Amino acid sequence: MDTPKKNSRREFLTKFSVAALAGATLSPLFSKEQDTESDAVEVRNFTESIESLLGGDYTNIKLKMQDDVRRALKKPVDQRRWGMAIDLRKCVGCNACTVACISENALPPGVVYRPVIKEEIGTYPNVSKRNLPKPCMHCEEPPCTEVCPVGATYKRKDGIVVVDYETCIGCRYCMTACPYEHRMFDFGEKYGDGLPFPAKYDERPSFEYEKEWKRDKPEESPIGNVRKCTFCLHRLEEGLLPQCLTTCIAGANYFGDLNDPDSVIAKIVSRLNVTVLKKEMGTKPKVYYII
Amino acid sequence: MKKLFYVLWIIGLLLGGIGVFQRLTTGHLLAGYGSRVVWGLWVAMYIYFIGLSAGAFLLSSLVYVFRIKMFEKVGKLALVTALITLVCALLAIWFDLGHMWRAYEVITRPNLPSSMMAWMIWLYTAYFILLLAETFYAFKLENNNDSAQKEALSKKLRLLGSIGIPLAIAFHGGVGALFGVVSSNPMWHSALTPIFFLVGAIASGSALFTMIVAFFWEERNSAYFDEMMQLLAKIVLISVLFDLLLEWAELSIALWMGSPEHTFGYREMLFGEYWYVFWILHILLGVMVPVFLLATRKKPFAIGLASLLVVFTFIGVRLNIVIPGLVTEKIHGEATAYIHPRLSYHYFPSSMEWLVAIFIVSVGIGLFVIGNRYLKLTQPKHSLNS
Ligand code: SF4
Ligand code: SF4
């Protein structure tokens, strides 16, 4: 019983030392080739432009991302992972996305899904400015859904965090739990409040979650509910990009399926220098910032 | 005096009725809170009344569980006080919901075990049922003259009371934990929060009870009454001081080396716009004056007055948990990113909120007056073992 074991050990040691020796002597010959290879596959080039990253094989990046969305829709819902990237180097702070979102979701006064935070650096008059659009992070580990007493807010299989308007009791606990202060309460305000006649645009329904939500009575959903960004789920399901993305004048936003290595978003998030807000909270946001 | 009281009470109820009407017809449109300071006066009132209830209940356990002779005549009073304050608490939080008529969902589809709010609701439902049962048996015991049956009833009460103690601790600790678990809020996210809630419950609940006994107890010229007052005074004094100690622990640790995100709320509480809620309402009228009275005076009136001060100013302690915790931007620059009154970090209760608050208090007082008239809570009757 003993002999084969001993033999095999000796064999292994011999082979190992030969290989090690060969490796040590020959390695300089191979090293160059290996390096170039890993350059292409692993090392990230943070200064690479998005155009070259995508290989220039597109005419319009938004159309390409729309194709990404449509490709993802062909997969079962639990295999999609929607994510967004916002290029802080490009954002000019024009708030076009803020307004487009309000219009798309027919948001009432005091409810905003995508404010743009403006930070001033330096002291007047020697200041510079930075802009940070802030939609829902659609956290992979969302603290907001954990606290809901009735399970009205939850993470869908594709990673989008939603609120079931017909179940939410409006306790606002989720609002206190969100580290990004994203969620908003619908108090039932109208743009025409205080006007002698009702304002026409207050009658526009919202089509969130692919349903029609009107604002006729107090305490009729979504009034009295907590509201939040849905990545424009109702548009996504029709193969369209989120409205903020299509409106952005600087082309600073990217969107798609993080689970698809060929998608624009997956390439950006894996290859460029990105970060997330409040990483230390461990919420794993799916909105990335290119810096 | 009595007439004035009734007139005031009816005015309170009518004014409160206006607030309730506004709330029911316009929803939250007239509320002062927004999407930044998301909780306001009503949530503070909710934790205030819940604390009073848990505190009064824990006092009642001195009678039914520990069988302390001194308190046995006031056992029912403590139980009914716990019941009424619980009703007030539930009313306050009910008005606060965005969809009041969906409140039943918290029972039919609770998000357990992850939501602390769901836990709290289930625990106080159990507590409510237990309180009803205990009150029922307490009255049955009192109106029973058969000693064998009496023994059986007081055993039942002891059992219910013994279940009630951990339940009261769990559910009020749970209310504290509701705040404590919010890790994105450094002011609330402390292991001390649930303990702070419990000690506050004992301080405010025992003060409420002492106040009622001091002012309404009918058999005033007895040695028993005097002795009971002295003991109650000690309980209130010790719990108020202990509460202050916990407050100091929380504040000093946070302020000493805290990050701005952690300390901003505290600094607002101490030196901000509403500094007087902390310094005048809480520290001066809620701690210093009552502690002085309780430590130096022996007259029931002085003890009653001290307790009254503790009870009424405690709403300030509760407000100072809810509001300063919400006035800090969680992301720097949020306050100016989008301007709208609902997105402001400034909060003062609106007239509707005050009116609804008056309504809730009036309902509580009304229930107590009716309860006292029919159940004779403040009149001594048979004792447990007689
Ligand atoms: S950003 Fe806030 S609302 Fe959005 S998923 Fe994360 S915790 Fe929830
Ligand atoms: S406000 Fe609605 S979604 Fe948020 S925790 Fe309460 S019930 Fe859940």
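**Figure 1. Packing of helix 3 against helix 13 in chain B of the predicted model.** The axes of helix 3 (residues 75-96) of chain B and helix 13 (residues 351-375) of chain B cross at roughly 155 degrees and come within 10 Å. Helix 3 of chain B is therefore roughly antiparallel to helix 13 of chain B, the threshold for this description being an angle over 145 degrees. The crossing of helix 3 of chain B past helix 13 of chain B is right-handed. Helix 3 of chain B contributes K76(B), L77(B), T81(B), I84(B), V87(B), C88(B), L91(B), A92(B) and F95(B). These residues meet V356(B), F359(B), I360(B), V363(B), G364(B), L367(B), F368(B) and L375(B) of helix 13 of chain B. By class, the contact of helix 3 of chain B with helix 13 of chain B comprises 14 nonpolar, 2 polar and 1 charged residues.

**Figure 2. Packing of helix 7 against helix 8 in chain B.** Helix 7 (residues 192-216) of chain B and helix 8 (residues 223-257) of chain B have axes 9 Å apart and pack at an angle of about 155 degrees. The two helices of chain B, helix 7 and helix 8, are therefore roughly antiparallel to each other. Helix 7 of chain B and helix 8 of chain B form a left-handed crossing. The residues in the contact of helix 7 of chain B with helix 8 of chain B divide into 20 nonpolar, 5 polar and 3 charged.

**Figure 3. Crossing of helix 2 and helix 5 in chain B.** Helix 2 (residues 41-64) of chain B and helix 5 (residues 116-142) of chain B cross at roughly 45 degrees, and their axes come within 12 Å. This angle makes helix 2 of chain B oblique to helix 5 of chain B. The crossing of helix 2 of chain B past helix 5 of chain B is left-handed. On helix 2 of chain B, the contact is made by Y46(B), I50(B), S53(B), A54(B), F57(B), S60(B) and Y64(B). The partners on helix 5 of chain B are M120(B), Y124(B), Y127(B), L130(B), L131(B), E134(B) and A138(B). The contact of helix 2 of chain B with helix 5 of chain B holds 11 nonpolar, 2 polar and 1 charged residues.

**Figure 4. Surroundings of ligand 1.** Ligand 1 is surrounded by 13 residues, of which the closest are C136(A), M137(A), C139(A), C144(A) and C178(A). The shell around ligand 1 divides by class into 10 nonpolar, 1 polar and 2 charged residues.

Figure 5. R172(A) lies in the loop between strand 5 (161-163) and helix 6 (173-177) of chain A.

**Figure 6. Cis peptide bonds in chain A and chain B.** Most peptide bonds are trans. In chain A, S221(A) and P222(A) are joined by a cis peptide bond with omega of about 5 degrees. P222(A) is found in the loop between strand 6 (184-185) and strand 7 (226-227) of chain A. In chain B, the peptide bond from L112(B) to P113(B) is cis, and its omega is near 0 degrees. P113(B) lies in the loop between helix 4 (105-108) and helix 5 of chain B.

**Figure 7. Confidence along chain A and chain B.** The model scores pTM 0.89 and ipTM 0.93. Chain A has a mean pLDDT of 87, with 83% of its residues at 70 or more. For chain B, the mean pLDDT is 92, and 98% of residues reach 70 or more. Confidence in chain B is highest in helix 10 (residues 275-296) of chain B, at a mean of 97, and lowest in helix 6 (residues 147-180) of chain B, at 90. Residues 382-386 of chain B have pLDDT below 50, with 12 contacts in the model beyond near neighbours in sequence. Where pLDDT is low, predicted coordinates should not be read in detail.

Note on methods
Residues numbered from 1 in each chain as written. Chains lettered and ligands numbered in written order. Predicted model: local features only at pLDDT ≥ 70, side-chain atom pairs only at ≥ 80, totals over all residues. Heavy atoms only, no water. pLDDT = per-residue confidence, 0-100. Axes fitted to C-alpha atoms, helices over the stretch in contact; angles between N-to-C directions. Helix = DSSP H or I, 4+ residues; strand = E, 2+ residues; numbered from the N terminus. Parallel < 35°, antiparallel > 145°, perpendicular 65-115°, else oblique. Left-handed = near helix turned anticlockwise from the far one by under 90°. Contact = heavy atoms within 4.5 Å. Nonpolar A, V, L, I, M, F, W, Y, C, P; charged D, E, K, R; others polar. Near = heavy atom within 4 Å.
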